[in-house]
Amino acid sequence: VPKRLSKVPVLAMSLRRVTHVLFDVDGLLLDTEALYTEVTQEIVSPYGKTFDWDVKVKMMGRPPMQSSQILVDELQLPFTAEEYLKIAAERFAAAFPRANLMPGVEKVVHYFEKQAIPMALATGSSALNYEQKISRHKEFFQKFSHVVA
């Protein structure tokens with residue numbers, strides 16, 4: 001390292017200006033994790049089951065059919081993954097519009113907006129679920145130029 005740069009942290013030398021930002025929706029912009037837990041627990045409770053962290057962590061980040069199969073298998077539920085998805089779809093449709101913005105996201109998004117940095121969204125949700133989740137926050141979500149699903 002040249003002598004004149006020896007006091008500059010290595011990380012600072014490698015930073016570049018942010019030109020674009022891609023945000024995830026669930027758990028980053030919207031607090032949907034609690035809704036997923038609430039609805040799933042409502043479905044499994046009548047069977048004397050508890051939807052706990054051990055099961056949830058196995059399901060996270062997986063496609064709906066795969067995560068549903070994990071739920072059914074882990075909790076030994078008396079229905080198929082397909083049946084669970086049908087039951088859950090109705091309940092999620094009612095729950096998703098209650099999703100709140102995560103603390104601090106408005107401030108972060110406002111900062112990037114003020115800097116004229118383009119912002120986009122990424123989500124693993126279906127178009128229908130995405131629309132349900134953002135329904136109370138339309139003005140906020142208009143700040144994003146693209147949605148990648």
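1. The sheet is open and has three strands in the order 1-4-5, paired in parallel; two strands count as paired if DSSP finds at least two bridges between them, and helices (H or I, at least four residues) and strands (E, at least two) are DSSP runs numbered from the N terminus. Strand 1 and strand 5 (146–148) stand at the edges with a single partner strand each, so one side of each has no neighbour in the sheet. From one strand to the next the twist averages 30 degrees, where axes are lines fitted to C-alpha atoms, for helices over the stretch in contact, and angles run from 0 to 180 degrees between N-to-C directions.

2. A word on the basis of these notes: this is a predicted model, in which local features need pLDDT of at least 70 and side-chain atom pairs count only at pLDDT 80 or more, while totals for chains, interfaces and linings use all residues. Residues are numbered from 1 along each chain as its sequence is written, and side-chain values use heavy atoms, with hydrogens and water left out.

3. Strand 1 and strand 4 (residues 119–122) run parallel and are joined by four bridges, and Phe23 stands opposite Leu121 in strand 4. Helix 6 (residues 105–114) packs on the sheet, where it touches strand 1 and strand 4, and its direction makes about 160 degrees with that of strand 1; contact here means heavy atoms within 4.5 Å.

4. Helix 4 (residues 64–75) packs against helix 5 at an angle of about 105 degrees, the axes being 8 Å apart. The two helices, helix 4 and helix 5, are therefore roughly perpendicular to each other, a label given to angles of 65 to 115 degrees. Helix 4 contributes Pro64, Met65, Ser68, Gln69, Leu71 and Val72 to the contact, and helix 5 contributes Ala81, Glu82, Tyr84 and Leu85.

5. In helix 7, the buried residues are Tyr130, Gln132, Lys133 and Ile134, buried meaning under 20% relative accessible area, exposed over 50% and partly exposed in between (1.4 Å probe, protein chains only). These buried residues of helix 7 pack against strand 2, helix 2, helix 5, strand 4, helix 8 (138–141) and strand 5.

6. How many salt bridges does the structure hold? There are six, a salt bridge being a side-chain nitrogen of Lys or Arg within 4 Å of a carboxyl oxygen of Asp or Glu. One of them joins Lys133 to Asp26, with the closest N and O atoms 2.9 Å apart. Because Lys133 lies in helix 7 (residues 127–134) and Asp26 in the loop between strand 1 (21–24) and strand 2 (30–31), the pair ties together parts that are 107 residues apart in sequence. Lys133 and Asp26 are both buried.

7. Lys56 and Glu33 also meet through their side chains in a salt bridge (4.0 Å, N to O). Lys56 belongs to helix 3 (residues 53–59) and Glu33 to helix 2 (residues 33–44), so this pair links parts 23 residues apart in sequence. Lys56 counts as buried at 12% relative accessibility, whereas Glu33, with a relative accessible area of 26%, is partly exposed.

8. A further salt bridge is formed by the side chains of Glu38 and Arg98 (2.6 Å, N to O). Glu38 lies in helix 2 and Arg98 in the loop between helix 5 (81–95) and strand 3 (100–101), so the pair ties together parts that are 60 residues apart in sequence. Glu38 is partly exposed, with a relative accessible area of 31%, and Arg98 is partly exposed at 43%.

Note on methods: Angles under 35 degrees count as roughly parallel, over 145 as roughly antiparallel, 65 to 115 as roughly perpendicular and the rest as oblique.
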